[in-house]
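Please work through each task with the sequence and the model at hand before reading its solution.

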Amino acid sequence: MKHFAFLSVLAIVFALACARELLEQEETDFESEVQQGVLALRALASTNLEGVKTLKEAIASGDLDAAKKAYIRSRPEYEQIEVLAGSFEGIDSDIDARAYAFDNGEAVKGVDNLFERGAHFQGFHRIEALIFRDGALESALPYADDLIKDSEDLLVALGEPERFNAQGSFGGMIGLSTEVAAKKMSSEEETYSDMSILIFHNNYLGVESQYRPFAEKVKVADPELAEAIDSALESWLETLKPHFSENEDGVIDYAKYTSVDIPARAAIQAGAYKVADLLRKAADALNVFMGEGEENVEGCEGEPEKVFDGESEQIKAGLDYFRALMPGQIALVDELIAAIEAGDLDGAKKAYTRSRPPYEQIEVLAVSFLNEDSDIDARPYAFELGEFDEGFKGFHKLERQIYRDEDLGAETLATAKGLASSMQSLDEKLNNPELFNSVTNFEGMIGLATEVPGKKISSEEEVFSGLSILIFYNNWKGIYSQLKPFLKDDSKADAVFDEAFRCLGVTTNDVWNKVSASDVTEDFVKDLADTEYPVYDLENMELRECVVINAYKIRDVLLELSQELGVFVDCHPFHESSVYSYRHKVF
């Protein structure tokens with residue numbers, strides 16, 4: 001009996017080996033499986049087109065409530081199709097990109113062709129902001145017209161089989177699952193409509209639709225893995241089900257994301273991460289090569305009219321302010337470590353909040369210390385494996401450990417101590433004047449000024465702590481600190497910044513325009529750390545509209561001064577020939 005059992009085992013091993021060999025030799029392109037998935041999405045693209053046409057009609061009617069409803073009804077199909085967006089990147093950009101994907105954000109005043117493929121902010125999220133934030137239907141109408149054209153182009157693209165392959169299918173499934181967990185979880189996609197649950201559910205459906213044609217092949221290659229993927233997909237769906245329901249007409253109604261508590265968000269996030277991890281293993285099992293694409297970087301040569309180096313009076317004044325902040329920043333992180341060591345959760349939350357302001361000012365010069373910035377302040381979407389990537393460290397890992405997981409264990413303490421080490425390294429970098437000059441400093445100021453309304457406005461930075469107002473306040477103060485040494489006495493900048501700070505509604509003993517090294521004392525740092533920043537209310541559209549308007553005004557001040565100083569060469573993205581100003585509500 002043992003002999004026959006041994007032969008049976010050999011037969012099974014041989015059969016599995018043959019199956020794997022067939023997978024490797026005969027089906028390495030998986031053309032049939034890929035096209036099955038694409039066909040499912042092509043059917044959705046027709047429905048998407050009809051939904052976009054209905055959206056345009058609602059916008060044209062002038063009925064704001066009808067436009068909001070039509071917008072929400074128009075969104076599900078593309079969020080499933082998005083799983084293969086890497087195969088039609090220009091179209092995807094015009095349909096679904098957020099403002100932060102563009103150097104100019106929402107600023108398009110002066111653009112000759114607003115609808116140039118992949119060049120400017122348009123599509124669903126331009127319309128979302130105009131409807132839900134600004135209530136500007138007249139301005140939204142031309143974007144709806146063009147979205148119809150883009151949706152027609154999408155339908156054509158999905159009928160071109162040469163665009164699609166197994167690498168793209170698995171890359172899309174893995175990438176979208178990871179993006180939900182690492183990025184979209186912050187509400188950065190539907191930040192004004194509050195429809196993130198709609199996004200997560202339809203992203204799930206898109207991933208599932210593309211995996212299903214491969215399921216049998218995965219089962220042959222690794223039966224246990226196939227079972228695990230099925231279970232993970234079901235578990236992810238179960239985390240979403242409490243937040244949507246199907247009405248009598250077969251239409252799914254989604255809960256507002258602001259009504260979903262942190263434990264429920266954490267469960268959705270964990271489900272998406274699990275699926276992404278198992279799909280990576282499935283790609284390996286099927287020998288689908290997931291190599292990295294080559295980044296095409298265009299050079300920009302030439303010398304600016306004038307360069308202020310790190311020893312110049314203006315650059316040095318800004319750096320001296322940040323250098324003066326660092327002892328306080330280091331001490332505040334030490335207080336955070338002490339609270340974690342004491343096992344005091346409320347104390348750790350308070351210490352986390354107190355430790356955040358200085359770096360959110362210093363961040364403006366992050367381009368000059370990229371490694372430290374990554375270790376201190378990067379969000380999980382900056383890494384391939386999201387939160388599970390060994391490169392994810394610093395404040396935002398602590399934010400999740402303290403606020404979401406309420407975990408003050410050894411791993412959280414190690415994260416905090418790692419943050420302290422990064423702060424020491426940052427202190428050294430700030431004292432190296434060779435790392436700083438007017439080009440990189442203005443890049444940092446303009447870039448951060450654009451990031452606030454284009455990206456941080458969604459709460460994507462402090463998603464679990466609710467501290468986005470703290471971020472805006474200190475980002476703007478940091479920008480002003482580096483700008484002030486370049487300003488003339490008659491500059492309009494102070495009035496612009498003052499209006500922006502008043503918009504935030506922060507009550508504080510800190511004075512926003514005190515940004516000299518001589519201003520920094522123990523009391524100065526204490527006032528900064530002890531400021532009671534309001535919890536960021538994502539449903540307060542008046543506040544968010546005010547932040548966006550004033551953030552772009554700050555950006556315009558920076559652009560005008562950089563042009564006056566001749567900071568950038570003519571091929572630079574922030575040169576006057578390439579930048580645009582923000583025009584609120586008016587098309």
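**Exercise 1. Determine how H20 and H23 are oriented to each other.**

Solution. Helix H20 (residues 468-483) and helix H23 (residues 541-565) pack at an angle of about 15 degrees, with their axes 12 Å apart. H20 and H23 are therefore roughly parallel to each other, a term for angles under 35 degrees, whereas over 145 is roughly antiparallel, 65 to 115 roughly perpendicular and the rest oblique. Axes are lines fitted to C-alpha atoms, for helices over the stretch in contact, with angles from 0 to 180 degrees between N-to-C directions. Helices are DSSP runs (H or I, at least four residues) numbered from the N terminus. The crossing of H20 and H23 is left-handed, that is, the near helix is turned anticlockwise from the far one by less than a right angle.

The model is predicted: local features need pLDDT of at least 70 and side-chain atom pairs pLDDT 80 or more, while totals for chains, interfaces and linings use all residues. Residues are numbered from 1 along each chain as its sequence is written, and side-chain values use heavy atoms, without hydrogens and water.

**Exercise 2. Identify the residues through which H20 and H23 meet, and classify them.**

Solution. From H20 come Ile469, Phe472, Trp476, Ile479 and Leu483; H23 supplies Leu543, Val547, Ala551, Ile554, Val557, Leu558 and Leu561. Contact means heavy atoms within 4.5 Å. The residues of this contact divide into 12 nonpolar, no polar and no charged. Here Ala, Val, Leu, Ile, Met, Phe, Trp, Tyr, Cys and Pro count as nonpolar, Asp, Glu, Lys and Arg as charged, and the others, Gly among them, as polar.

**Exercise 3. Describe the packing of H17 and H18.**

Solution. Helix H17 (residues 394-404) and helix H18 (residues 410-430) pack at an angle of about 160 degrees, with axes 9 Å apart. H17 and H18 are therefore roughly antiparallel to each other, and their crossing is left-handed. Among the residues that meet are Phe395 and Leu398 in H17 and Leu419 and Met423 in H18. The contact of H17 with H18 divides into six nonpolar, four polar and two charged residues.

**Exercise 4. Is Ser169 buried or exposed?**

Solution. Ser169 lies in helix H8 (residues 166-182). With 2% relative accessibility, Ser169 counts as buried; buried means under 20% relative accessible area, exposed over 50% and partly exposed in between (1.4 Å probe, protein chains only). Not counting residues up to four places away in sequence, Ser169 touches Val34, Leu84 and Phe214.

Technical notes
Helix = DSSP H or I, 4+ residues; strand = E, 2+ residues; numbered from the N terminus.
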